[in-house]
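Please go through this model with me.

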Amino acid sequence: MSRPTTPSQLPLHHSVSQQKKVIIENDHGEKLLGLLHDTGSAELVILCHGFQSWKERIPMVNIAAALEKEGISSCRFDFAGNGESEGSFQYGNYRREADDLRSVVQYFRGKKRVIIAVIGHSKGGNVVLLYTSKYNDVHNVVNISGRFNLKRGIEGRLGKDFLKRIKQEGYIDVKTRKGEILYRVTEESLMDRLTTNVHASCLLIHQECRVLTVHGSRDKIVPVEDAFQFAKYINNHKLRIIEGADHEYTRHQDELSSVVLDFLGEDFKPDNRLVKLPLAGHSVRSRF
């Protein structure tokens, strides 16, 4: 089957899609590998994975599939040092991953795509918010199970007295129960996390930017209380708690996708007018 030549030829709920690998160079000369779900629409959603994860992890795959059914193109990609992308894995790296996202956004804008939303899961949720606070050029942002207080959750991975130990040794190796090294946390990468101010970033997000936070009520990785903090400090914010869902939404994938699509659908303009962020310099149009 051949792909339609223009987005307007795509029937709702029945799109012809192709999956294509894309290679995007970030500002550090590293090649980021992504998977483009191309329905033929100019509109594009970018999906960002979480900590020590990659583009093939749920819920990124399922959200991309749900968007595809609506005729919306999307791209899920691996941050540097993760998955199939070049670079070395770093524990913190929040700002640098926001820069990776910037490289992906700019790449697709150069291909005449219109970025209508950025979506991130877990650490990816923090990344899309950091990106938005800096650039304010995407109208819809979805934060799925992001962490508001980045000082929490560290001891569970690094152990007690982690600050004292890392200052003494310069690093901490995170190991499996069998003693195998999973990854190394340097003092620099730890401080990157500890000095990333999520609260300040939330306050910098423009009021015309629509933000959705989704969180599972049974999330044991990031407490659901963090979701309410995002709601408190982001101006144009909507909060959805999915009852019974864990951090990966293991048994709630369809519900998660539905919540995300409903949020994006609310941005539909019957007269198909452009929605423009006053500080962005880029226009976005919803296809929903």
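Q: What pLDDT does the chain average?
A: This is a predicted model, so pLDDT is the predictor's own confidence in each residue. Of the residues, 87% score at least 70. The chain average is a pLDDT of 89.

Q: Over which residues does pLDDT stay under 50?
A: Where pLDDT is low, the predicted coordinates should not be read in detail. One such stretch has 30 contacts beyond four places in sequence in the model, and this is residues 1-14. The other has 55 contacts beyond four places in sequence, and this is residues 269-288.

Q: How many helices and strands does the chain have?
A: Helix α1 covers residues 60-69 and helix α9 covers residues 253-265. The count for the chain is 9 helices and 12 strands.

Q: What share of the contacts in the chain with a separation of 6 or more comes from residues 24 or more positions apart?
A: The chain has 288 residues, and buried residues make up 55% of them. Among contacts with a separation of 6 or more, residues 24 or more positions apart account for 69%.

Q: Is α1 oblique or parallel to α9?
A: The two helices pack with their axes 9 Å apart, at an angle of about 50°. Roughly parallel would need an angle under 35 degrees, and roughly perpendicular starts at 65. The angle therefore makes α1 to α9 oblique.

Q: What is the handedness of the crossing of α1 and α9, and how many charged residues are in the contact?
A: The crossing is right-handed. From α1, the contact uses Asn62, Ile63, Ala66 and Leu67; from α9, it uses Gln253, Leu256, Ser257, Val260, Leu261 and Leu264. By class, the contact of α1 with α9 has 7 nonpolar and 3 polar residues, and the charged count is none.

Q: How many charged residues are in the contact of α5 with α6?
A: Helix α5 (residues 162-169) and helix α6 (residues 187-194) cross at roughly 145°, and their axes come within 10 Å. Phe162, Leu163, Ile166 and Lys167 of α5 meet Glu187, Leu190 and Leu194 of α6. By class, that contact has 5 nonpolar residues and no polar ones, and the charged count is 2.

Q: Is Ser122 buried or exposed?
A: Ser122 sits in the loop between β5 (114-121) and α3 (123-135). Beyond four places in sequence, Ser122 is in contact with Gly50, Ile144, Ser145, Gly146 and His247. The cut-off for buried is under 20% relative accessible area. Ser122 has 12% relative accessibility, so Ser122 counts as buried.

Q: What is the relative accessible area of Ser145?
A: Ser145 lies in the loop between β6 (140-144) and α4 (155-158). Phi of Ser145 is near 60°, a positive value in a residue other than glycine. Ser145 is buried, because its relative accessible area is 0%.

Q: Which bond joins Ile58 and Pro59?
A: Most peptide bonds are trans. Pro59 is in the loop between β3 (43-48) and α1. Omega is about 5° between Ile58 and Pro59, and the bond is a cis peptide bond.

Q: What is phi of Gln52?
A: Gln52 lies in the loop between β3 and α1. Gln52 counts as partly exposed because its relative accessibility is 39%. Most residues other than glycine have a negative phi. Gln52 has a positive phi, near 45°.

Q: How far apart in space are Tyr233 and Ala200, C-alpha to C-alpha?
A: Tyr233 lies in helix α8 (residues 225-233). Tyr233 is partly exposed, with a relative accessible area of 24%. Not counting residues up to four places away in sequence, Tyr233 touches Phe148, His199, Cys202 and Leu203. Tyr233 and Ala200 are 33 residues apart in sequence, and their C-alpha distance is 8.9 Å.

Q: Which residues does Asp246 touch, not counting residues up to four places away in sequence?
A: Asp246 is in the loop between β10 (237-242) and α9. At 28% relative accessibility, Asp246 counts as partly exposed. Its C-alpha atom is separated by 9.5 Å from that of Val222, 24 residues apart along the chain. The residues that Asp246 touches are Arg218 and Asp219.

Note on methods
Residues are numbered from 1 along each chain as its sequence is written. This is a predicted model: local features need pLDDT of at least 70, side-chain atom pairs count only at pLDDT 80 or more; totals for chains, interfaces and linings use all residues. Side-chain values use heavy atoms; hydrogens and water are left out. pLDDT is the predictor's confidence in each residue, from 0 to 100. Contact means heavy atoms within 4.5 Å. Axes are lines fitted to C-alpha atoms, for helices over the stretch in contact, and angles run from 0 to 180 degrees between N-to-C directions. Helices (H or I, at least four residues) and strands (E, at least two) are DSSP runs, numbered from the N terminus. Angles under 35 degrees count as roughly parallel, over 145 as roughly antiparallel, 65 to 115 as roughly perpendicular and the rest as oblique. A crossing is left-handed if the near helix is turned anticlockwise from the far one by less than a right angle, and right-handed if clockwise. Ala, Val, Leu, Ile, Met, Phe, Trp, Tyr, Cys and Pro count as nonpolar, Asp, Glu, Lys and Arg as charged, and the others, Gly among them, as polar. Buried means under 20% relative accessible area, exposed over 50%, partly exposed in between (1.4 Å probe, protein chains only).
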